[in-house]
Amino acid sequence: MSAQVTLSKVRSIAVIEVNNPPVNALGHAVRKGLWDSIEAAEADNTVKAIVVIGAGHTFPAGADIKEFGTVMQQPHLPEVIDRIENCKKPIVAALHGTALGGGFEVALGSHYRIASADARIGLPEVNLGLLPGAGGTQRMPRLCGAKLALDVMLSGKPISATKAHSAGLIDSLTEDDLRVAAIKFAEDVQEVRRSRDETKCMLNAEAYRDAVAEAKKMVSTRMRGQLAPTKILECVTAALEKPFAEGRAFERASFFECLSSKQSKGMIHAFFAERASAKVPEASRAKPRKLESLGVVGGGTMGAGITVAALDSGLPVTMIERDAESIARGRANVEKVYDRLVAKGRKTENQKSAVMALYSGSTDYNDLSNVDMVIEAVFERLDVKREVFEQLDKVMKPEAVLASNTSYIDIDLISSATSRPSQVVGLHFFSPANIMKLLEIVVPKGAADDAVATGFALAKRMRKVPVRAGNSGGFIGNRILGKYGICAAHMMEDGASPYDIDDAIFEFGYPMGIHAMYDLAGLDIGWDNRKAAAPTRDPAERYVDIADKICERGWFGQKTGRGFYRYPNGARVGTPDPEVLEIIQAERKQKGLTTKKFSKSEIIERYLAAMVNEGCEVLREGVALKPSDIDVTSIFGYGFPRHRGGPMKYADMYGLDKMLSNIQKYEQEDPVFWRPSPLLLELVKTKRNFDDLNKG
Ligand code: CAA
Ligand code: NAI
């Protein structure tokens, strides 16, 4: 046997237990252990039936993702599952925790399934650019039909054991000790029963095909450009149309096609990058402080969103605003979010009241004297922020953590308004703060380790993805955005329309193009920043006036009905505006520029090169600790398509030497903007890439 799988006996029942912490992943030793244990239990004449169960807090949560990309040793998972299904003695899978991916496929191959009532089951492979490759696409629809099977496989989200039970995927639920209940269940079963032989769901082929057609529509819009969802659709169709063995062979070939694609490499990278971003030196050196209450200063867009995120995580919030009218608006901003959820049926009035009971509003800073942490989200003006921090310094208890949600301002300039700068960090949320997953945790020099660790603890509590950022203008995300934004402006002046650029970006996989994004955020924000930066701008730098000219007309984007696009009658999606094209043409003419055509691929090459080159600078200066942190920031805060792994992973797969030679070509046109980062030069010279830096 193997240390990771044990075989024991309770009366006439063999109990096979998988013990491979933390998630009982189905690595080689587990697969081999399962195989050997089944063989042994089947050969043992005193065994009547078999239970497969996970030790610790979960049934296996999937294949061992770390093995992907290496040469997998036999037995492979599909063979193990076939061995389970072909066992002559009944096998009962006993599920608890998160029975995911290959783990749930083990359960589907078993003859019976019993689950703890609070277990969750799912097939999340699509999140890794893969499909369930061990029979899941063939067995699950045979048991529950195409609709639920496709929902689970395409969303990648787990469902509750209760839902799985009512869909026929689980035979029995228990609130009692799972092991005891599973053994009892196994004692009662008489015969083997194989999912592959189930045909219930095929009785209504029309409903099956309708479900596939509906899912196809969803995939073509919301998952456009992704290989795995398309393959899942094909496999589920094969489950209806082909005998099991043929469907399974098709599934296996499709799995390997996905596994060898750049998309799965990108998504597997994103999976580990997301987990690595929470591992920072400060959190390893210090424990977080007590965090049982939160103050939020400012109840506008961000203050209200942060408040909702905190309330949703069960933290009581005291919100401070300037005056009675502003705090009433602040409260209304918070309530609006919950009212929308009630209207959509996602929360009840009672649930809303229970959450709002954790909220209190005030105009008196003294009401913050007992809170454990405060987040400031007032106007983006240094004088206003310094005034707020002076007040906070007077009232907050000494062990409280003080944080600012500033987008760009140097945290040192804010914290120096207090007598305790080491207690001040940046907590940069993204809008809408209750929905966007990214939280940049800005760590100024000298920040107390436990203050930083508390920021990470807040992120965990709010289920955000935290990234540590150094204290440099725009931190990681906005600083890099600034660069590729300028690159887009250059292309626009040189001949590409904003709509050409947005089309290319959309096709690459972003949810929207950069100009549509500017319109959504409000063009006035960038205009204010550019005006503020004007006195210190390098005169040698190329400056594009087009966005300023648009703003001068009072067109600030969606909120004014016009920006780069037109939004007639409050439309949420803009239409191209010929007058904007005239503004652009006039600017080109005034500067005497000759224009050229940009193909979609050239637009993307330049856009990504600007992103990656600045990413290198951010790394070189230590603003990001590792390339994968830039990937996480871009994916969770800026809509970078996850299936491309993030800009730095994309660059590795594209080829750093090729990207550098593109940059050197652009440098001929504009040596100020396109100066290759010394880090990029060094990596190419030493034949290393960003993955090497991640490992280092
Ligand atoms: N393989 C290898 N390592 C895994 C893993 C897996 N399937 N799942 C989790 N881990 C690791 C994580 O990387 C993490 O490691 P570190 O502590 O070193 O960072 C550790 O286990 C704990 O993971 P989380 O921090 O995510 O723990 P959690 O309690 O928040 O979540 C979980 C647990 C819900 C299981 C979550 O880890 C998860 O969703 N895992 C992925 C599940 C998955 O995608 N399964 C399908 C795999 S593909 C497959 O099975 C293909 C097939 O058909 C053959
Ligand atoms: P907003 O204008 O919607 O809200 C600011 C709020 O602060 C207003 O309600 C105002 O009454 C209040 N306020 C001003 N002075 C105050 C004071 N002295 N005491 C108490 N309250 C005061 O602004 P928004 O968009 O919420 O931005 C807030 C901060 O968050 C800014 O620093 C901004 O840069 C940052 N940010 C904004 C993002 C966005 O997309 N809007 C994204 C990430 C960060």
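Tutor: Let's begin with one residue pair: E440 stands opposite V467, which belongs to strand β17. Before going on, please keep in mind that this is a predicted model, where local features need pLDDT of at least 70 and side-chain atom pairs need pLDDT 80 or more, while totals for chains, interfaces and linings use all residues. Residues are numbered from 1 along each chain as its sequence is written, chains are lettered from A and ligands numbered from 1 in the order in which they are written, and side-chain values use heavy atoms, without hydrogens or water.

Now look along the strands themselves. β16, residues 438–443, and β17 run parallel and are joined by six bridges. (Strands are DSSP E runs of at least two residues and helices H or I runs of at least four, both numbered from the N terminus; two strands pair if DSSP finds at least two bridges between them.) Both strands belong to an open sheet of eight, ordered β12-β11-β10-β13-β14-β15-β16-β17, with mixed pairing. At its edges are β12 (359–362) and β17 (465–470), and each of these pairs on one side only.

At least two residues of the shell around ligand 2 come from each of β15 (424–429), α13 (301–312) and α16 (382–395). The largest share is three residues, supplied by α16. In total 23 residues surround ligand 2, and M302, E321, E380, K385 and S407 are the closest; a residue counts as near if one of its heavy atoms lies within 4 Å.

Polar contacts (pairs of N or O atoms within 3.5 Å) give some detail. A polar backbone atom of V378 is 3.3 Å from an oxygen atom of ligand 2. R322 brings a polar side-chain atom to 2.9 Å from an oxygen of ligand 2, and an N or O atom in the side chain of E380 is 2.6 Å from one. Alone, ligand 2 exposes 840 Å², and the protein buries 80% of that (Shrake-Rupley areas, 1.4 Å probe).

β7, residues 120–122, runs antiparallel to β8, and two bridges join them. In one of these pairings R120 has S160 of β8 as its bridge partner.

The side chain of E125 has an N or O atom 3.1 Å from an oxygen atom of ligand 1, and a polar backbone atom of G133 is 3.2 Å from a ligand 1 oxygen. R275 places a polar side-chain atom 2.7 Å from an oxygen of ligand 1. Taken alone, ligand 1 exposes 990 Å², of which the protein buries 72%.

Terms used. A polar contact is a pair of N or O atoms within 3.5 Å; within protein, one must be able to donate a hydrogen and the other to accept it, and residues adjacent in sequence count only if both atoms are side-chain atoms.
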